[in-house]
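Notebook open, structure loaded. I'll jot down what I look up as I go.

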Amino acid sequence: MPETQDALWYKNAVFYQVHVRAFYDSNGDGVGDFQGLAQKLDYLRDLGINAIWLMPFFPSPLRDDGYDIADYRSVHPLYGTLQDFKNFLAAAHERQLRVVMEMVLNHTSDQHAWFQESRSSRDNPRRNWYVWSETDTPYRSARIIFIDTEMSNWAWDPISKEHYWHRFFSHQPDLNYDNPAVREEMWDVMKFWLDMGVDGFRLDAVPYLIEREGTSCENLPETHIVIKELRAKLDREYPGRMLLAEANQWPADLRPYFGTGDEFHMAFHFPLMPRMFMGLKLEDRKPITEILTQTPEIPASCQWGLFLRNHDELTLEMVTDMERDYMYDSYARDKTMRLNLGIRRRLAPLLEHDRRRIELMNGMLMSLPGTPIIYYGDEIGMGDNVNLGDRNGVRTPMQWNGGWNGGFSNADPESLYSPLIQNPVYGYQAVNVLSQKRSEHSLLSWMQHMISLRRSTPLFGSGSIEFLYPKNHRVLAYVRQQGDQAILVVNNLSSSAQAVELDLRRYKGKILIEMFGGNLFPRIGDLPYLLTMGPYQFYWFKLRRI
């Protein structure tokens with residue numbers, strides 16, 4: 001366990017999301033594993049992150065990349081053993097890195113022993129661990145999430161001759177959270193990992209835990225009862241550990257997941273991310289200021305989780321139809337880049353390999369209210385492969401060097417769990433950790449500096465935000481404040497140079513100190529403060545009386 005016993009550690013953290021199988025293969029079988037991940041912990045520590053979010057690593061048929069869990073209390077043999085996980089966890093804690101793991105509460109694989117028992121007969125003691133029906137007519141008001149693959153939220157089971165409920169793939173039956181035995185069992189599963197020392201959980205798909213007729217079966221009051229129950233047990237038995245909600249909802253619907261500080265510690269701010277891309281393409285701050293001004297206040301102990309990209313498609317569920325069409329036209333003209341209601345691309349290709357835009361977007365990620373989460377490989381500008389099925393195109397092997405298999409594995413290339421990116425722009429010969437470590441001007445070096453600056457400035461994690469609205473709408477400017485500390489952030493969302501006049505009269509007499517170079521800018525007076533900015537340039541200024 002890291003030394004600092006700060007209960008709010010997650011507010012000033014920088015998370016790194018990693019898939020064990022994609023990071024480093026230690027035994028040459030073509031699949032990343034826990035021993036390999038442990039060997040790369042120094043890289044993560046040197047990058048500056050201080051929390052690792054692990055994607056699912058449980059035994060699984062891997063029909064949904066591990067989100068279809070067949071056993072909650074073990075490690076997939078491809079990734080190693082339970083002992084390998086314990087060794088990795090100890091090595092991470094030695095380096096003051098916290099570990100948050102995925103916990104898929106909503107559903108299991110149809111291969112899980114619980115489901116096999118449940119379907120074996122209608123009299124089985126585990127029958128009502130899942131949601132069964134003689135017909136496929138209940139809960140008609142619930143939307144279908146995977147519209148590209150599923151026609152219904154019900155699937156017919158030929159063994160027990162009934163339908164079972166699933167919100168995702170039909171091979172992922174939903175657990176029945178109206179059953180107290182299910183709730184107790186899932187808490188026991190969480191205790192199993194908490195006793196081992198994990199620092200928290202990302203709880204997958206939480207809005208869908210409970211079903212009620214005549215509702216959308218999302219965000220129901222009963223769901224919040226389940227979460228409050230889990231949180232109370234966590235606080236009582238494991239203080240200092242945290243829960244992160246994956247709830248792809250509008251801000252007003254997300255707010256209840258924090259409760260009064262007695263539900264989730266953190267929740268992803270899903271609607272913000274597409275609007276950052278929209279604002280950049282439109283060269284207009286409005287999509288960003290609009291969604292953040294609609295975002296309700298949250299309890300002081302709670303935090304938003306911010307990200308630019310992750311392992312899923314760039315989701316466009318939380319935008320209007322017109323905004324979705326605009327995003328598709330701007331970022332996914334090729335229809336193979338689209339999936340469900342989203343775009344399956346990594347950060348660098350979305351931004352057309354433009355270093356200036358990549359830096360600007362990361363600058364906003366690090367300076368807006370919340371805790372930033374970096375997706376593995378985005379710190380070096382990795383590409384994607386839209387020719388791979390489902391969301392696998394953004395889950396390719398980490399590119400460590402320009403040698404055999406990009407330094408990911410000693411296996412024959414045909415044995416890798418996924419082909420490496422090999423094109424001239426994003427291929428591992430062009431984009432890799434080793435070459436970027438050799439240059440102070442690489443994206444990796446820039447990201448290290450950026451993360452260091454973000455972590456040295458707790459105000460970004462817990463301060464307030466106030467937007468400035470200069471006449472030039474291509475400039476997004478805001479002041480982050482905590483106590484008597486204030487930081488001015490100014491972002492040029494435009495591909496051309498811009499001048500902007502900011503009303504800073506309330507800070508009259510203060511000097512601007514540019515945070516990247518430590519240089520002084522002129523003192524603030526009565527007149528509007530004039531800044532000129534290059535394409536996609538951004539500034540962070542400390543406001544000081546000197």
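This is a predicted model: local features need pLDDT of at least 70, side-chain atom pairs count only at pLDDT 80 or more; totals for chains, interfaces and linings use all residues.

I see β9 (residues 266-268) running parallel to β10, with three bridges between them. M266 has Q303 of β10 as its bridge partner. I then checked β14 (residues 371-375): β14 is also parallel to β10 and joined to it by three bridges. There, G305 is opposite T371.

Next I asked how covered β10 (residues 303-307) is. Five of its five residues come out buried. I noted which way they point: Q303, G305 and F307 go one way, W304 and L306 the other, and all are buried.

Moved on to the domains. I have three in the assignment: domain 1 (9-106 + 178-455), domain 2 (113-165) and domain 3 (463-544). The C-alpha centres of domains 2 and 3 are 55 Å apart.

Then I looked at a three-stranded sheet. It is open and antiparallel, in the order β4-β6-β5. β4 (132-133) and β5 (154-157) are the edge strands with a single partner each, so one side of each has no neighbour in the sheet. I count two bridges between β4 and β6 (residues 162-165), and W132 pairs with Y164 in β6. W132 turned up again when I looked for charges over rings: the charged end of R127 sits over its ring, 3.8 Å from the centre. I also found R126 over the face of W129, 4.5 Å from the ring centre. W129 belongs to an aromatic cluster, whose other members include F34, F57, Y72, W114 and W193.

Helix α15 (residues 443-455) next. Its 13 residues reach 18 Å from first C-alpha to last, close to the 18 Å expected. Among its buried residues I listed W446, M447, M450, I451 and R454. What covers the buried residues includes α3 (41-47), α13 (355-367), β14, α16 (459-462) and β22 (538-544).

Last, aromatic pairs: my search of the whole structure gave 47. Y43 and W400 have ring centres 5.0 Å apart and planes at 80°, so I logged the pair as edge-to-face. Y43 is in α3 and W400 in the loop between β14 and α14, so this pair ties together parts 357 residues apart in sequence. Both are buried. F460 and W540 make a tilted pair, 4.7 Å centre to centre with 55° between the planes. F460 is in α16 and W540 in β22, so here the parts tied together are 80 residues apart in sequence. I have F460 and W540 down as buried too.

Note on methods:
Residues are numbered from 1 along each chain as its sequence is written. Side-chain values use heavy atoms; hydrogens and water are left out. Buried means under 20% relative accessible area, exposed over 50%, partly exposed in between (1.4 Å probe, protein chains only). Helices (H or I, at least four residues) and strands (E, at least two) are DSSP runs, numbered from the N terminus. Two strands pair if DSSP finds at least two bridges between them. Domain bounds come from an automatic or database domain assignment. The expected span of a helix is 1.5 Å times one less than its number of residues. Contact means heavy atoms within 4.5 Å. Rings of Phe, Tyr and Trp (its six-membered ring) pair if their centres lie within 6.5 Å; planes under 30 degrees apart count as stacked, over 60 as edge-to-face and the rest as tilted. A charge sits over a ring if NZ of Lys or CZ of Arg is within 6 Å of the ring centre and within 35 degrees of the ring normal.
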